[in-house]
Structure formats: structure tokens, C-alpha cells
Amino acid sequence: MTLLILCDHDRGTLAEASLEALTFGRDLAQRAGLTCEAVLIGDGAESAAGPLAAHGAVRVHLASHAQLTDYGPEAWGETLTQLARSTGATAVMACGTDRGNEVIAHVAARLDEPFVANCIEVTPGDTWTTTRVQWGGSLLEDATLDAGQRLVTVAHHAVEATPADTPADCSLVQFTPDLGEEATRTVVRDRVVLTQGITLATAPVVVGGGRGVGSEDGFAPLEDLAGALGGVVGCSRAVTNNGWRPHSDQVGQTGTRIAPEIYIAAGISGAIQHWVGAMAAKNILAVNTDAEANMVTKAGYAVIGDLHKVIPAITEEVARRKG
Amino acid sequence: MRILVCIKRVPAPGSRINVCDDGQAVDTAHLGFTTSPHEECAVEEAVQIAEEHDGEVTVLTLGPAEAEEQLRYAASVGAHKLVLIPIVDVDWDPQRTASALTTAISDLESSEGPFDLILFGNESADAGGFQVGIRVANALGRPVVNGIKGIDLADGTASARREIDGGFEVYEVPMPAVLGVKEGINLPRYPTMKGRLASKKAEVSSTTLEAPTGGQTRVRLHRPVEQVSETVILGTGPEAAPAVVDLLEELGVLS
């Protein structure tokens, strides 16, 4: 009676989101009477195993194969499917990241089982009941899961990764999948590094601009403030649709989910599309002329005023205090 | 070059989503509808590829009869053929949807020839199941990669780029292939007047299909409990700057 938890890593560096899945999974395993077991796939995976026991994994399955040189959705999906079959796992889960949702979908297709993506609650039983997010988190769906082997992902940021009270007595088990050409045709072949250092997803400060910024050039003061705070600039979908900023700067349901210490949202009305990308920020400061704007009413802090005057004033004040 | 794009008609909410009393669907009484954003970009990408490689773009949707509106929009920006699988229920579960789409695609391929490339959106804006394209690809025995924000085709291979934090992963996928694309792969064009007029006359072929329900069943939709927080107004206009920087200091981001 096993719960398998896929732990994502990038060439040996564990993805933080995997620890969220383990945190969620060890609690679920306890309630469902299952053993909580982690799965690491591919070259270099063993070096990512360190924190897994502390987060509740009683066993770590290390899957290796000559073709598992890097991430590959089909190769990882096929590997996890074979492991789910050989262990007879009751359930298989991952964190609902790009990779987590993708790999579990591959497992679902291969096992012909349902897959409930991005859960925030799972209640075990004969039929599992789940609460999952829709619309990037602005709506919830209660759904039942009737399956032979249950497949779920836990919504990213739904729980905070925390170590177990007592670390598990954990063993490492090797697993060698049987992979043909079909499984390995989609392994990553190359990588292109565009940004080094902080990115939108990891920045401690994000200064975001919306339609209210008014133009491509209007972002210069936001760049200045972001620079002064060691942060980066983000924007809303209206901005990328107008071609003022590249899509890689978009914060939102169809862009990047940010989680900075503070998000300064300037001239952004706060439509659902944008809000769901910003809501994991620890603090939000809205700068807007409209005190009734959704972003202002949802933010913890607000300045009512024209961003074109407020943002440069903040930058000046930051410079003054830094001396 | 034959390209298929699978799209979904979704509501276009503003700042708040309401749910029908029975909890089975989003209350769309006062909402417009649109093509799910990733899929709008998938249509644009397909049209661009067709323009470059002398191709033909077919757009397929499973949805209510009104989804004809989204198919015609696709025609107005350059899609050539439109196919609707009409359903009466609010939303089919992912397994059922994938099963019907697989049947429809197989039928289209046996009558009109195989597709070199099938594009899906990475996930739908509303249900967000993250799986239909992968299930269809698996059923058709074709390679599939999700999260794609760049495609180059050459010599029977789709070179596909996927955004990761700070860069791209590159996949070399043999065609025929399935790709799940993300918004940002392009900036979709607006329909021209000529395109709009032509789309009104475009033929929409409708094919009714049944498929077994899957193991995920909706009980109800509901809105998350909102954290009611009083917004602290730090001030009005540029005079608020010192209060803002006090806050930044307090949060420890002023290093």
C-alpha cells in the first residue's frame, strides 16, 4: 500500500516544489494508511535525495537508464508508469508544476486512469474526494476520484514545504525501467540560458506595471525602482498584448506565478488573470489612481495616486536612505 | 503540411467569477466568451507555419453549439477548415474529452490524410486539467511535449522550445507530433475585415460523438473563501514615498 511521489530535479538539483508534494503527501499517506515513497528519475538524481527523508519519505526509488540523460516527459512518464505497476501503488502524485502535471498526465494516459490536477485537499476513502483549483485558483472544484490507481498533483504553493517532526528511516532502492525509442524521443536535447541571476519567478521584489503605465517607454521608472531594490519588472496581460513588454515578463494565469517578499503593482486593475499570478506574493502594494480597483482592495497596502509620480518618488526616497 | 489545432471555448471573466446555483458551472449570464488564451496562440502558430510551409490548418473543438463562434474566429485569422463536436453537458471530464477528440482526429485523418502536427493549448483557462493533449497523443501513438513557446520545423522534425526559469529547454520531436503550446509563443493577429467576412461564410462541419465518462466527477464548483483584509492606505500621491520605503525597510528588502 504505497503512495509514490515524483520528486522533480534538474540535473541533480531538487526542485523546491517537490518538498511541497512530500509535505502534502506524507500527511495524505498517514490518513490513507499508505507508505510515503519518493521517486527520483535520471542522471544525477541521487544527489537530490538528501532532503527527502527529512520531509517524510520512507523509501526513495532511484530510476536510472542510459537514455535518462535529462528530463523527458515521455521517458519520465513511462518510467513512473512502470514503477507504479511494479509497486502496485495505490496512488501516484507530484507537485502541480509544468513538469509534475505533464508527467502525471503521461502516467494517466498509459494506465488509462483519471488524473486530478492541482488539488489543495484530498480525502482518502473507497472513492477519494478532492478539491482542486480552476481558473488558476480563483475557483475551486470539488471532484470525486474513482480509480484503480489514483493520480493527483498538489497545486504549487498550496502547502508550505516543512520537514516532518521526525525524519523517516529512509532506504534507497534502485529501479531500472525498460525504455524503448518511443519513450526517449522527447528527452531534452539542449538548453538555452537567457537570464542569469534573479528571474521573475525567484525575485524577492517585483515591480509590476499594467495598462496604466501607458506605453513601452513608461516602464523606465519601474525599471529604475526594480533596479534600486534588486528586483525585476513584471507586467499584466494587457501590457504583453499591446506589445509593450515581452511575454516572459507577464505575471498571471498564462504567464509567470510570482512569490516575492513584496509585489509593487502599479497601474494594474487586478483582473483574475493577473491576480492568480500575483496572489502568492507575501505582500502586495498597489499603486493606482482608482481606490476601488480590484488590485487596491485585495492588496495589503496601497498608495492612491498616479504611478508616473509615485514610482519615481519611491525610487528617490530609496536612494536618499541608502545614501 | 497539415496542421490541426484543438481549441476550447471558455468564459471571459473580469475581476470575479460567479457560480450557478447548482454549483455545476460558472454563471455566464453576464459574461462574454473567448478562445482559451494558449489555444488562441496555437491557432496563430498554426497559421504562421501554414503560411511558411504551404500548409492547411484545421481547427477542432468539443463544446456547445455556440463554440461555432470561436471556430469562425479562427477562420477569420487564417484557419482553413472548422470542425465542431457538439456536446450538451456543461463540460466533459478529461478522459471523455480526450477519447472523443481521438476518435474525431482518427476520422479526419482517414478521410483527409494524416496531420503532420497537432497543437493543443498547454491547459484550458477554465477547467485546467493539464492532460487532454497528452492523452490524445498517447492514444494516437505520437510524441508530445507541453509548455512550448517556440516551434521550428525542418526535415520532419519539430524543434520545440520550452520556457524554464531563466531560459529554454530544446526538444527535437519527430513528426507527426503533438505539442501543447503556451501563450507568448507569438502575438496573435487581429482579424482583417476581409477575414471576418470570409469567416461568416466558412463551412463548419459538425460531428456528433459519444465517449464513456472517466473517473473524475464534478461534485460542485465554489469560490474560495476570500481572505478579508483591510487595505492599509500608505498615502496619496508622491508624498506617500517615505511611508512606502518605511514598509520596504520593515520587510527587509532594502538592502
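Predicted model: local features only at pLDDT ≥ 70, side-chain atom pairs only at ≥ 80, totals over all residues.
1. **Overall build of chain A.** Chain A carries ten helices and 17 strands. Its radius of gyration is 22 Å, close to the 20 Å that the globule rule gives for 323 residues, so chain A is as compact as a globular protein of that length. Along the principal axes, the C-alpha atoms fill a box of roughly 65 × 40 × 40 Å. Of the 323 residues, 60% count as buried. Take the contacts between residues at least 6 apart in sequence: 65% of them join residues at least 24 apart.

2. **Overall build of chain B.** Chain B has six helices and 13 strands. Its C-alpha trace spans about 70 × 45 × 40 Å along the principal axes. Of its 255 residues, 49% count as buried. For contacts with a separation of 6 or more, residues 24 or more positions apart account for 71%.

3. **Domains of chain A.** Six residues from domain 1 and seven residues from domain 2 make the contact. On the domain 1 side, the classes are one nonpolar, five polar and no charged residues.

4. **Helix H1 of chain A.** H1(A) covers residues 16-32. The length checks out: at 1.5 Å a residue its 17 residues should span 24 Å, and the end C-alpha atoms are 25 Å apart, which agrees. The helix is mostly covered, with twelve of its 17 residues buried. Among the buried residues are A:Leu19, A:Leu22, A:Phe24 and A:Leu28. The buried set also includes A:Glu20 and A:Arg26. After the helix comes A:Gly33, with a positive phi near 70°.

5. **The nonpolar core.** The largest nonpolar core holds 181 residues. Those that touch the most other members are A:Ile5, A:Val39, A:Ala265, B:Val5 and B:Leu179. H1(A) gives the most to this core, with seven residues. Domain 1 and domain 2 of chain A each supply at least three residues.

6. **Around A:Val39.** What does A:Val39 contact, leaving aside its neighbours within four places in sequence? Its partners are A:Leu4, A:Ile5, A:Leu6, A:Cys7, A:His61, A:Ala63, A:Leu80 and A:Leu83. One of these, A:Ile5, is listed with A:Val39 among the core residues that touch the most other members.

7. **The A-B interface.** Contacts join 77 residues of chain A to 66 residues of chain B. Several elements of chain A give two or more residues to this side, including helices H3 (73-87), H4 (98-111) and H10 (307-322). Strands S7 (115-123), S9 (139-145) and S12 are also among them. The chain A side divides into 36 nonpolar, 24 polar and 17 charged residues.

8. **A:Ala201 in the loop.** A:Ala201 sits in the loop between strand S12 (190-193) and strand S13 (205-209) of chain A. Is A:Ala201 buried or partly exposed? It counts as partly exposed, because it has 16 C-beta neighbours inside 10 Å. Leaving aside neighbours within four places in sequence, A:Ala201 is in contact with A:Thr256, A:Ile258 and B:Asp165. A:Val232 is 31 residues away along the chain, and the two C-alpha atoms are separated by 9.7 Å.

9. **Backbone points to check.** Most residues other than glycine have a negative phi, and most peptide bonds are trans.

   - A:Asn118 has a positive phi near 60° and is not a glycine. A:Asn118 is found in strand S7 of chain A. It counts as buried, because 26 C-beta neighbours lie inside 10 Å.
   - B:Asp155 also is not a glycine, yet its phi is positive, about 50°. B:Asp155 belongs to the loop between strand S7 (144-154) and strand S8 (157-164) of chain B. B:Asp155 is exposed, with 7 other C-beta atoms within 10 Å.
   - B:Met175 and B:Pro176 are joined by a cis peptide bond, with omega about 5°. B:Pro176 is in the loop between strand S9 (167-174) and strand S10 (177-181) of chain B.

Terms used. Residues numbered from 1 in each chain as written. Chains lettered and ligands numbered in written order. Contact = placed C-beta atoms within 7 Å. Nonpolar A, V, L, I, M, F, W, Y, C, P; charged D, E, K, R; others polar. Helix = DSSP H or I, 4+ residues; strand = E, 2+ residues; numbered from the N terminus. Expected span 1.5 Å × (residues − 1). Buried ≥ 20, exposed ≤ 12 C-beta atoms within 10 Å, placed from the backbone. Rg over C-alpha atoms; globule rule 2.2 N^0.38 Å. Core = buried A, V, L, I, M, F, W, Y, C linked by C-beta atoms within 7 Å. Domains from an automatic or database assignment.
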